[in-house]
Amino acid sequence: MRTESITSAQNPKIRTLLELQEKSKARRKTGLFVVEGRRELLHCIEAGYEPHTVFVCTGILKEEELEEIAGKCDCNFIDLPQHLYDKVAYRGGTEGVIAELHCKEMTLDALKLKESPLVVVLEAVEKPGNLGAVLRSADASGVDA
């Protein structure tokens, strides 16, 4: 595990993280997106997404949780002090982990769909809770993609 520490909010890596959180243009340009939370990061890794950088607050994250994450990905880890982590975290109770992950290129042609598939298409979802409700409904309805 490659680890470094950052203590300044002016560090370019912190500025990039904040830009990825706030601007879809930055996400499209870099091919990266941000996930906050240990469980969420582990779900992404299990789904085949590759972490680019994992920001951790060792004041929050337990050592065994850090080892679990480090054992599942080969990327840079950056340790943040509590005050800096609080600045970049956009929700509470995230277990001390924020990660930048590589996007996957997904096209309809790449999906193996049946002859008459049921597909859900969303655009400009503003609230994560709305996306969660749609995904739960889609799962319960047997949506193909």
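A residue counts as buried when its relative accessible area is under 20%, as exposed when that area is over 50%, and as partly exposed in between, with a 1.4 Å probe and protein chains only. By this scale Phe33 is buried, since its relative accessible area is 19%, whereas Tyr49 counts as partly exposed at 25% relative accessibility.

The structure is a predicted model, in which local features need pLDDT of at least 70 and side-chain atom pairs count only at pLDDT 80 or more, while totals for chains, interfaces and linings use all residues. Residues are numbered from 1 along each chain as its sequence is written, and side-chain values use heavy atoms, with hydrogens and water left out.

## The protein as a whole

The secondary structure comes to six helices and five strands, where helices (H or I, at least four residues) and strands (E, at least two) are DSSP runs numbered from the N terminus. Read from the N terminus on, the elements follow the order β-α-α-β-α-β-α-β-α-β-α. Taken along the principal axes, the C-alpha atoms of the protein fill a box of roughly 55 × 30 × 25 Å. Of the 145 residues, 31% count as buried. Contact means heavy atoms within 4.5 Å, and of the contacts in the protein with a separation of 6 or more, 70% are accounted for by residues 24 or more positions apart.

## The aromatic pair

Rings of Phe, Tyr and Trp (its six-membered ring) pair if their centres lie within 6.5 Å, and planes under 30 degrees apart count as stacked, over 60 as edge-to-face and the rest as tilted. A search of the whole structure finds one aromatic pair. Phe33 and Tyr49 form this pair, which is edge-to-face, with 5.5 Å centre to centre and 85° between the planes. Phe33 belongs to strand 2 (residues 32-36) and Tyr49 to the loop between helix 3 and strand 3 (51-56), so the pair ties together parts that are 16 residues apart in sequence.

## Two helices in contact

How far apart are the axes of helix 3 and helix 4? Helix 3 (residues 38-46) and helix 4 (residues 63-70) pack with their axes 11 Å apart, at an angle of about 20°. That makes helix 3 roughly parallel to helix 4, a term that covers angles under 35 degrees, while those over 145 count as roughly antiparallel, 65 to 115 as roughly perpendicular and the rest as oblique. The axes are lines fitted to C-alpha atoms, for helices over the stretch in contact, and the angles run from 0 to 180 degrees between N-to-C directions.

The crossing of helix 3 and helix 4 is left-handed, a name used if the near helix is turned anticlockwise from the far one by less than a right angle, and right-handed is used if it is turned clockwise. Arg38, Leu41 and Leu42 of helix 3 make the contact with Glu65, Glu68 and Ile69 of helix 4. The residues of this contact divide into three nonpolar, no polar and three charged. In this grouping Ala, Val, Leu, Ile, Met, Phe, Trp, Tyr, Cys and Pro count as nonpolar, Asp, Glu, Lys and Arg as charged, and the others, Gly among them, as polar.

## Places along the chain

Ile78 is found in strand 4 (residues 76-79) and is buried, with a relative accessible area of 1%. Leaving aside neighbours within four places in sequence, Ile78 is in contact with several residues, among them Glu4, Ile6, Lys13 and Val54. Glu4 has its place in strand 1 and counts as partly exposed at 32% relative accessibility.

Val88, in helix 5 (residues 82-88), is buried, with a relative accessible area of 1%. Beyond its neighbours within four places in sequence, Val88 is in contact with Ile14, Leu17, Leu18, Gln21, Leu80 and Ile98. Gln10 lies in the loop between strand 1 (2-5) and helix 1 (12-22) and counts as exposed at 52% relative accessibility.

The table sets separations along the chain beside the separations of C-alpha atoms.

| C-alpha pair | Apart along the chain | C-alpha separation |
|---|---|---|
| Glu4 and Ile78 | 74 residues | 5.0 Å |
| Ile78 and Val54 | 24 residues | 6.2 Å |
| Val88 and Gln10 | 78 residues | 12 Å |
| Gln10 and Ala47 | 37 residues | 33 Å |

Lastly, Ala124 is placed in the loop between strand 5 (97-102) and helix 6 (128-141). Its phi is near 55°, a positive value in a residue other than glycine, and Ala124 is exposed, with a relative accessible area of 66%.
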